[in-house]
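Open the model in your viewer and keep the selection tool handy. We will go from stop to stop, picking residues and seeing what is there.

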Amino acid sequence: MGRFGSSGVLCLVTLVVLAGGRPARGDLDEPERSLRDRVYERRPAMVETLKRWVDINTGTWNTDGLERFASILGAELGELGFEVQSEDGVTLELPERSSARTGPLIVARRAGSAREEPGPRLLLIGHLDTVFEEDSPFQAFRLDPGDSHRAYGPGVVDMKGGLIVLFETLRALRESGDLDAASITVLLNSDEEIGSLGSRPRVEAEAQRADCGFVFESAHSSGALVRSRRGLGQFHLKVEGVAAHAGSAHREGRSAVRELAEKVVRLEKLSDYERGVTVNVGTVRGGTKRNIVPDNAEAWIDVRYDTPELGREIEAAVEKIAETAFVEGTRTQLWGTLHRPPKVATERVDALLDRHAEVGRDLGVMLPSSVHAGGGTDGSLTGAQGLPTLDSMGPRGGESHTEREFVWLPSLPERTALTAVFLRRLIRRASPGCARE
Ligand SMILES: [Zn+2]
């Protein structure tokens, strides 16, 4: 857990957290206080909207659901004064899906008008898709019958809850007049859960046009923000061998399973915890029957690394293992990519985190020290483009990607108030973390 200024603050914060209510008054000015108060009053509306959004299935491959959801959010952005552009998805060639089409992408812009000096350009990012497709048994939003602060549902925290924080922040900042002093771009993609394989170029291009970025993935379960993240890669091996009867012609066969097994052992040996590399062969599949030499085998491999150099080194090692045939006469196809660069904590990221922590103190919100995380986000992409990015602006919850996924409902207004006051200060006062370049 994190560090706190004093035990007095800790007690007060604990009481507030237990009550699930509004935090104690801190060092806020009058407009910030009314911004916070308006946000906390909207908790019932936030929960109601979250229910509506979670009840629309938006599995990554459910194009209809994604389009429906995108049009609802596009209309909301229009009402908030954004110029909304909706783009069709792209076609991807994936090992398990040929010609797979991703869902729509929304880019919405709002240029500030109410000040002479242009404020910083903010990029706010969210994703519409979830890992739960239409055939998943996990579908609807559900309040915990024993705990009124908890709700379950597909994407309830990853990241429809995050989208609530994003949209409610915009709404609050429009009411306070701050949106008019800012230049804001909102990017919503539909393929984040497969590693943003289609939307990556758009995310990277928008990163180039902004001064700082915010991604509304959930906060760490402790409530902390994420400071840095490991890089990720995903690879797929497909091995072809030669089938033969296991009894009468074993010698003529070329076992794809044996070939894959040789590769799996070598891949796993690439893991080096000291150097910050993990290679995990997550799934293997192969063969058809016990008494046939298998002519097919495949595996999915997950790679994590701490620096771009290590990523390239591991990618080269995976390629070498893929192209080496250990069983003569087998052939291997490799698919894959380093889809999430490591998100490195820069001075400007730390400046943003300091500013954010200050807002937490002023709002009386318990914020443990920021953490290093193993998973990547679109913030990894924008960070690698040099954009100072905080990518855990969403609510608190947990068990993402499982049927126990939950959100802690009081964190919806809590994170919205944090983000609204934080962005208002970035817009109004120059910060080294978000300076116009
Ligand atoms: Zn997510």
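Select helix α5 (residues 160-175) together with helix α11: their axes are 9 Å apart and they pack at an angle of about 45°, so α5 and α11 are oblique to each other. Angles under 35 degrees count as roughly parallel, over 145 as roughly antiparallel, 65 to 115 as roughly perpendicular, and the rest as oblique. The axes are lines fitted to C-alpha atoms, for helices over the stretch in contact, and angles run from 0 to 180 degrees between N-to-C directions. Helices (H or I, at least four residues) and strands (E, at least two) are DSSP runs, numbered from the N terminus.

A word on what you are viewing: this is a predicted model, in which local features need pLDDT of at least 70 and side-chain atom pairs count only at pLDDT 80 or more, while totals for chains, interfaces and linings use all residues. Residues are numbered from 1 along each chain as its sequence is written, and side-chain values use heavy atoms, with hydrogens and water left out.

Stay with this pair and show side chains. On the α5 side, the residues that meet α11 include Ile164, Val165 and Leu173; among their partners in α11 are Leu412, Thr416 and Leu423. Contact here means heavy atoms within 4.5 Å. By class, this contact has 7 nonpolar, 4 polar and 3 charged residues. Ala, Val, Leu, Ile, Met, Phe, Trp, Tyr, Cys and Pro count as nonpolar, Asp, Glu, Lys and Arg as charged, and the others, Gly among them, as polar.

Is the peptide bond from Asp158 to Met159 cis or trans? The bond is cis, with omega near -10°. Most peptide bonds are trans.

The axes of α9 and α11 come within 9 Å, crossing at roughly 125°, which makes α9 oblique to α11. Look for Leu352, His356 and Val359, among the α9 residues that meet α11, and for Leu418 and Phe422, among those of α11. This contact divides into 8 nonpolar, 2 polar and 4 charged residues.

Which residue is joined to Cys434 by a disulfide? Select Cys212: the two sulfurs are 2.0 Å apart, and a disulfide is a pair of cysteine sulfur atoms within 2.5 Å. Cys212 lies in strand β9 and Cys434 in the segment after α11, so the pair ties together parts that are 222 residues apart in sequence.

Two strands pair if DSSP finds at least two bridges between them. Strand β9 (residues 212-215) runs parallel to β18 over 2 bridges, and Gly213 stands opposite Thr389 in β18.

For a last stop, select Ser99 in strand β3 (residues 97-101). Ser99 has a positive phi of about 50° although it is not a glycine.
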